[in-house]
Amino acid sequence: MNKRKVALGPGAASLILIVVVLSLCMMAMLTQISARNDYNLCKRSADMVQRVYELNAQSEQKLAELDAVLVSAQKDVSGMDAYLAKVAEKLPEGMTLDKDRITWTEPLDNRNLECIVQLLPPGEKQRTKWISHKLVVDEPEEDWEW
Amino acid sequence: MKEGSRANALLVELLLVIFFFMISAAILVQVYGDAKLKSRTAHATNYSMIEAQNIAEDLYGSDDPDAVLAEYGFTAEGDAWVLQKDGYKLQVTLKNEETESGTLRTYNVSGMEKDQVLINLPSTRFIPKEVSP
């Protein structure tokens, strides 16, 4: 009767284990890094979108504040010039009046939401009209040289 | 070396290899599970952000928000409108604030995964009312 020969030499199983475990570790690490990067990117993107929406909400609140001023300025005035003079007196902080346009800015890090509304003549149903409502991104200054 | 003792040594080595492989596998399964969880949250955040933006913009421009929400498939649950999606939930709540000259209407569109808020977009619109001078 022939004796069976053992095909696997001593140490071969350990070698295979090391190779397999190292490969699995490498793949797990890459998967983990990839998932973490995806998560961080999505989180940053969602945070930025949320903050921009919050800026929009703030600009609408400022518009409401301005509209209340316009309502009170409309009382007992006749003519656009008197109306504008009265508005200029009561203008909320952070807003500037230039001719019939009111400008203000909502800041966010290196971005600014620039808002411009036009004042419509007193007595009209609408008191303001949006002219500009845009997000301006300031590019960060480069602090390095070639 | 005798054939018998060689086989025994191999058997012991195999047992040790299996033991260490089990330990490594247990650790690696945890790492993969964690990565999968993170990936799922990232997916939910991304899709809920896109959906929430669409809904917030639609609500901002609409005069009949209930119809807009019903069209998206939202159902009313108490004070909130809720829509269950694949892996996340969208929730919309309304807040009306009366000011001297009009109404400040705010819709909070939130994307949620279980109880965790992934994104919360306030869609605010000022609706002026007619005031006689």
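1. The crossing of α1(A) and α2(A) in this predicted model is right-handed; a crossing is called left-handed if the near helix is turned anticlockwise from the far one by less than a right angle, and right-handed if clockwise. The axes of helix α1 (residues 12-74) of chain A and helix α2 (residues 80-90) of chain A come within 9 Å and cross at roughly 135°. Axes are lines fitted to C-alpha atoms, for helices over the stretch in contact, with angles running from 0 to 180 degrees between N-to-C directions. α1(A) and α2(A) are therefore oblique to each other (under 35 degrees is roughly parallel, over 145 roughly antiparallel, 65 to 115 roughly perpendicular, the rest oblique). Helices are DSSP runs of H or I with at least four residues and strands are runs of E with at least two, numbered from the N terminus.

2. On the α1(A) side, Val69(A), Leu70(A), Ser72(A), Ala73(A) and Gln74(A) meet Tyr83(A), Lys86(A), Val87(A) and Lys90(A) of α2(A). Contact requires C-beta atoms, placed from the backbone, to lie within 7 Å. The residues of this contact divide into five nonpolar, two polar and two charged (Ala, Val, Leu, Ile, Met, Phe, Trp, Tyr, Cys and Pro are nonpolar; Asp, Glu, Lys and Arg are charged; the others, Gly among them, are polar).

3. Between the chains, α1(A) packs against helix α1 (residues 3-61) of chain B at an angle of about 15°, with the axes 8 Å apart. That makes α1(A) roughly parallel to α1(B). The crossing of α1(A) with α1(B) is left-handed, and the residues in contact comprise 23 nonpolar, ten polar and six charged.

4. The whole contact takes 40 residues from chain A and 43 residues from chain B. The chain A side has 21 nonpolar, ten polar and nine charged residues.

5. Chain B has two helices and five strands, in the sequence pattern α-α-β-β-β-β-β. Its radius of gyration, taken over C-alpha atoms, is 28 Å, well over the 14 Å of the globule rule (2.2 Å times the number of residues to the power 0.38) for 133 residues, so chain B is more spread out than a compact globule. The C-alpha atoms of chain B fill a box of roughly 110 × 25 × 25 Å along the principal axes.

6. Confidence: mean pLDDT (the predictor's confidence in each residue, from 0 to 100) is 87 for chain A, with 90% of its residues at 70 or more. For chain B the mean is 90, and 97% of residues reach 70 or more. In chain A, α2(A) is lowest at a mean of 88 and α1(A) highest at 92. The complex has an ipTM of 0.84 and a pTM of 0.82 from the predictor.

7. Conventions: residues are numbered from 1 along each chain as its sequence is written, with chains lettered from A and ligands numbered from 1 in the order in which they are written. In this predicted model, local features need pLDDT of at least 70 and side-chain atom pairs count only at pLDDT 80 or more, while totals for chains, interfaces and linings use all residues.

Notes. Contact = placed C-beta atoms within 7 Å.
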